[in-house]
Amino acid sequence: MTLSIGQVAKLAGITVRTLHHYDEIALLTPSERTTAGYRRYTDHDLLRLQQILLYRELGFPLDDIAGILDHPHTDELTHLQRQHDLLTRKAERLHQVITNVERAIQAQTLHIPLTPEERLAIFGDFRPEDHQAEVQRRWGHTDAYAQSQSRVATYTEADWRRLTAEAAAINDDLLAARRAGRPADSPEVMDIAERHRAHITRWFYDCTPEIHRCLGDLYATDPRFTATYDALAPGLAAYYRQAIHANARR
């Protein structure tokens with residue numbers, strides 16, 4: 001069975017114009033055409049398109065993708081193993097910045113009294129101050145904001161390193177529970193949510209179960225939070241929200 005260009009575009013989540021371009025540059029030429037000249041894509045074409053889209057996701061230019069896919073003695077399994085390795089590294093990097101994004105959006109990393117070298121060691125090229133205007137607009141009137149500001153102003157580089165390590169451990173355990181198929185409202189996963197609430201209370205502001213419930217909603221409704229969590233595991237943001245809500249009820 002073959003598919004039309006419209007069917008392939010819908011299936012892959014790309015435009016017909018993109019497929020036309022791939023054909024024009026000989027990156028993906030459909031194996032068959034109808035008597036009227038319309039493109040028809042085979043299973044082999046779809047496998048090649050899958051490889052193209054994966055390499056695009058990894059940031060490879062189209063010219064480089066063509067060279068990689070057309071290299072002799074390289075089969076589909078080799079490509080998948082290479083892509084898995086590259087995607088895993090990308091996911092690990094995203095995992096490292098989750099906590100930083102959370103702190104910035106929630107006013108938890110404003111006015112950090114660190115040297116440029118210390119900031120680079122902890123946050124890399126992430127700039128918390130870029131989110132300052134939004135944070136002040138959304139939470140500047142709250143007691144939690146004032147409490148967080150007062151606390152973080154005293155933190156040293158060692159404090160931020162301990163804070164980051166603790167947050168990463170919580171996220172690691174959440175991801176492991178999701179991969180193990182633990183229900184979000186199971187005692188084990190609710191305990192992870194409670195550790196997260198205690199982490200916020202310890203380092204930033206008094207996080208009541210109700211405030212924590214609101215944070216859970218934010219993770220699943222704010223596209224920035226959702227994209228960051230779901231990059232680690234599809235549906236992880238919604239899973240976290242369910243765990244936080246279940247723990248708040250408990």
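In this predicted model, the axes of α9 and α13 come within 11 Å of each other and cross at roughly 100°, where an axis is a line fitted to C-alpha atoms, for helices over the stretch in contact, and angles run from 0 to 180 degrees between N-to-C directions. The two helices, α9 and α13, are therefore roughly perpendicular to each other, a word used for angles of 65 to 115 degrees, while angles under 35 count as roughly parallel, over 145 as roughly antiparallel and the rest as oblique. On the α9 side the meeting residues are I170, N171, L174, L175, A177 and R178, and on the α13 side they are L236, Y239 and Y240, with contact taken as heavy atoms within 4.5 Å. Sorted by class, this contact of α9 with α13 has seven nonpolar, one polar and one charged residues; here Ala, Val, Leu, Ile, Met, Phe, Trp, Tyr, Cys and Pro count as nonpolar, Asp, Glu, Lys and Arg as charged, and the others, Gly among them, as polar.

Although D173 and I192 are 19 residues apart in sequence, their C-alpha atoms are 7.2 Å apart in space, and, not counting residues up to four places away in sequence, D173 touches I192 and R195. A further pairing across the sequence involves S148 in helix α8 (residues 143–152). This serine, S148, is buried at 0% relative accessibility, and S148 and W203 are 55 residues apart in sequence but 7.9 Å apart from C-alpha to C-alpha.

Turning to another helix pair, the axes of α2 (16–24) and helix α3 (residues 43–57) come within 13 Å and cross at roughly 100°, which makes α2 roughly perpendicular to α3. In α2 the residues T18, L19 and Y22 meet L49, I52, L53 and R56 in α3, and by class this contact of α2 with α3 has five nonpolar, one polar and one charged residues.

The loop between α2 and β2 contains A26, which has a positive phi of about 65° although it is not a glycine. In the loop between α2 and β2 (32–33) lies P30 as well, and P30 is buried, with a relative accessible area of 9%. Leaving aside neighbours within four places in sequence, P30 is in contact with D23, R39, R40, Y41 and D45, while P30 and S4, 26 residues apart in sequence, are 9.7 Å apart from C-alpha to C-alpha. In strand β2 is E32, which is partly exposed at a relative accessible area of 38% and, again leaving aside neighbours within four places in sequence, is in contact with T2, Y38, R39, R40 and T42. The loop between β3 (39–41) and α3 holds T42, which counts as buried at 14% relative accessibility and touches T2, S31 and E32, not counting residues up to four places away in sequence.

For the chain as a whole, there are 13 helices and three strands, where helices (H or I, at least four residues) and strands (E, at least two) are DSSP runs numbered from the N terminus. Of its 250 residues, 41% are buried, and residues 24 or more positions apart account for 65% of the contacts with a separation of 6 or more. The protein chain exposes about 13500 Å², of which carbon and sulfur atoms supply 54%, the areas coming from the Shrake-Rupley method with a 1.4 Å probe and, for residues, with only the protein chains shown counting as cover.

Residues are numbered from 1 along each chain as its sequence is written, and side-chain values use heavy atoms, with hydrogens and water left out. Because the model is predicted, local features need pLDDT of at least 70 and side-chain atom pairs count only at pLDDT 80 or more, whereas totals for chains, interfaces and linings use all residues.

Notes. Buried means under 20% relative accessible area, exposed over 50%, partly exposed in between (1.4 Å probe, protein chains only).
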